[in-house]
Amino acid sequence: MTKPIISIRNVTKRYPGVVAVDNVSFDIMPNEFFALLGPSGCGKTTLLRMIAGLETSGTGDIIVDDQNMEGVPANQRPVNMVFQSYAVFPHMTVRDNVAYGLKVTGVAAAERAPRVEEALEMVQLGSMADRKPDQLSGGQRQRVALARALVKRPKVLLLDEPLSALDAKLREHMQLELARLQQVIGITFIIVTHDQDEALSMADRIAVMEKGGVRQIAGPEELYEKPHSRFVADFIGKINLIDATVSGVSKSGVTCKAKGLGEVIVPHDGEASGNVSLAVRPEKLVLSAEPPASGSDISARGVIRDVAYYGDVSNVFVTCSDGLELAVNVQNDRAAAGLLENGREVYASWHPSDTLILQE
Amino acid sequence: MAKRKSTRGPLEYGKSPWLILFGIVTFIVLYAPIAQLIAFSFNDSKRNIVWRGFTTKYYAKAWNDASLVEAFVNSITIAVMCTVIATIIGTATALWLWRFRFPAKAAVEGVMALPIVIPEICMGVAVLVLYSRVGHWMRGFESGPIHWWNELFSIWPLNLGAITAAHVAFSFPFVAVVVRSRLAGFNREYEEASKDLGASEWQTFWNVVLPFMMPGVIAGALLSFTLSLDDFVITFFTAGPETNTFPVKVYSLVRRGVSPDINAASTVLIIITLVATIIAMRMQAPQKSEG
């Protein structure tokens with residue numbers, strides 16, 4: 001078994017009146033692209049800054065490559081950071097910015113120059129080396145910040161919301177770029193983001209944080225398909241959450257009485273009791289004019305209230321009995337034509353195995 | 001009769017004849033005395049009331065007046081010493097106020113800026129009272145083993161120490177205010193990035209913080225230079241009989257009538273002050289986009 005490059009053990013950080021990071025423990029493996037995902041104020045940036053050594057006076061242990069970081073100042077940790085504002089020094093050229101970290105730690109000029117050039121090539125900034133930061137675009141400045149951190153050959157690269165200041169097109173491009181860089185260099189990346197698409201598309205594993213605590217750590221697919229809690233299910237992608245009450249557990253599944261659906265049986269291998277939420281992703285639902293042929297499907301009759309057209313897909317909102325609202329993702333193919341009209345009566349149905357039971 | 005339509009747009013006040021007139025009058029009132037001072041420094045007349053033709057001989061006369069030159073050199077010396085000391089103290093104060101949190105910080109900031117608002121005459125009297133006290137105390141050394149101490153302060157430029165200290169007292173808050181406002185625009189992430197990249201506290205200050213605040217430091221230095229150079233009131237109260245500065249010397253000369261050599265020397269002073277101010281303003285001009 002490989003040893004983790006970073007171990008976070010019972011890390012807690014309190015500010016007056018708030019617990020920013022609440023007893024968090026997890027491991028990050030070498031060469032992993034790890035994401036800390038959560039809404040603003042969930043403690044993800046604080047945790048990243050604690051790893052970098054920029055936030056002190058927390059409790060618990062942060063172990064980087066078998067070395068406890070307790071008492072190790074930021075300038076002696078084997079990690080480097082790309083800041084949200086990039087923090088590219090305005091009075092230095094691109095080359096001087098990249099060389100800075102080597103210069104202050106006493107790397108000889110003869111060794112410095114080739115390493116700087118290599119780092120600049122890595123982020124495709126070789127031709128801009130003599131420019132000042134105010135002559136660069138936001139995306140180029142970010143590349144400077146990346147090169148400046150990577151030239152130090154850190155064991156772990158920390159990225160604090162690196163793409164939030166870029167426009168949508170460039171953000172998508174940089175997502176691919178970062179994933180490619182990570183594979184080429186082969187070091188661990190930890191990225192902090194509030195953007196679930198960013199985390200899902202780039203990261204190997206994602207820790208979803210809320211109110212200072214880690215709610216779930218899993219790969220993108222597992223996180224999306226098998227969220228453990230209402231919070232994670234709701235935060236990652238869109239999902240229909242249906243209130244239900246468990247009435248019985250048997251071998252074939254959990255029987256529950258759901259709002260607007262009546263009695264349904266859902267396959268489930270964990271515990272389930274009392275009030276639960278049935279969760280089903282909008283793209284698992286199928287709309288039809290007639291009741292579904294398969295009797296085993298869960299289905300609800302309702303009226304189309306709203307259709308949001310996105311070109312390839314449409315988001316359809318169906319109002320069913322008992323105040324149940326269902327969001328349905330429909331591919332705009334031939335079958336959908338003529339069906340998607342406001343006020344039309346339809347059946348929304350899905351396979352029971354696509355349903356998750358989330359304990360309150 | 002057709003009414004003439006105004007061709008002036010709603011915000012084009014520059015085309016209003018009254019406004020143009022007002023502007024011209026303002027400029028004349030502001031600058032006519034100075035223009036006249038400069039013009040008459042070239043006047044070939046002892047009484048300096050009527051124009052008698054162009055000459056530069058009064059510049060030469062001023063140059064050959066030993067006491068005037070001495071006062072001029074004293075002024076420049078005091079200004080240079082004051083600038084160095086006030087810039088260091090002012091910059092340190094600004095850094096301290098920016099960097100650290102401590103009790104009653106707002107009160108300290110307010111008190112620090114007091115010399116800017118206190119009337120100069122009060123500062124002058126206050127410094128005079130303090131110095132007479134110190135002088136009394138220092139006379140006690142004359143018979144003691146460190147009698148050389150008092151002699152030390154009669155050697156140039158230490159004999160200007162009293163005036164310089166007073167100048168530092170009123171000019172360092174200006175430096176602190178200018179540097180402080182420059183530092184307010186500093187992104188703390190620069191500092192964190194520097195440390196993250198392996199720099200020590202001192203390296204970070206030297207390589208990142210200092211270059212950032214340098215325009216403010218230079219602007220503050222030039223400000224304190226000009227303030228010291230043309231100060232009259234406080235200097236008048238603190239100058240001893242052997243030490244004279246240019247403004248005090250001019251004041252004593254003017255009492256015996258304004259001769260063109262004073263005009264000439266004043267013109268030189270104006271030019272020095274003007275150049276320093278222009279440099280200060282250019283240093284303070286907002287930087288292009290940063291970060």
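Chain B has an average pLDDT of 85, and 93% of its residues score at least 70; pLDDT is the predictor's confidence in each residue, on a scale from 0 to 100. The structure is a predicted model, in which local features need pLDDT of at least 70, side-chain atom pairs count only at pLDDT 80 or more, and totals for chains, interfaces and linings use all residues. Residues are numbered from 1 along each chain as its sequence is written, while chains are lettered from A and ligands numbered from 1 in the order in which they are written. The model scores are ipTM 0.81 and pTM 0.77.

Chain A contains eight helices and 20 strands, assigned as DSSP runs numbered from the N terminus (helices: H or I, at least four residues; strands: E, at least two). Its C-alpha atoms fill a box of roughly 75 × 45 × 40 Å along the principal axes. Of the 360 residues in chain A, 39% are buried; a residue is buried if 20 or more other C-beta atoms lie within 10 Å of its own, exposed if 12 or fewer, and partly exposed in between, with C-beta atoms placed from the backbone.

The largest nonpolar core comprises 142 residues, and I51(A), A147(A), L158(A) and I190(A) have the most contacts inside it. Such a core is a set of buried Ala, Val, Leu, Ile, Met, Phe, Trp, Tyr and Cys residues joined through C-beta atoms within 7 Å. Helix α8 (residues 161–183) of chain B gives the most to this core, with 12 residues. Domain 1 (6–234) and domain 2 (238–359) of chain A both give residues to this core, so it lies between them; the domain bounds come from an automatic or database domain assignment. Leaving aside residues up to four places away in sequence, I190(A) touches I28(A), F34(A), L36(A), L48(A), I51(A), V156(A), L158(A) and L159(A). A second, separate core of 10 residues includes A62(B), L68(B), F246(B) and A264(B).

Between the chains, 19 residues of chain B are in contact with 20 residues of chain A, contact requiring C-beta atoms, placed from the backbone, within 7 Å. On the side of chain B that touches chain A, α9 (188–196) and α10 (201–229) of chain B each supply at least two residues. The largest share of that side, six residues, comes from α9(B).

Methods. Contact = placed C-beta atoms within 7 Å.
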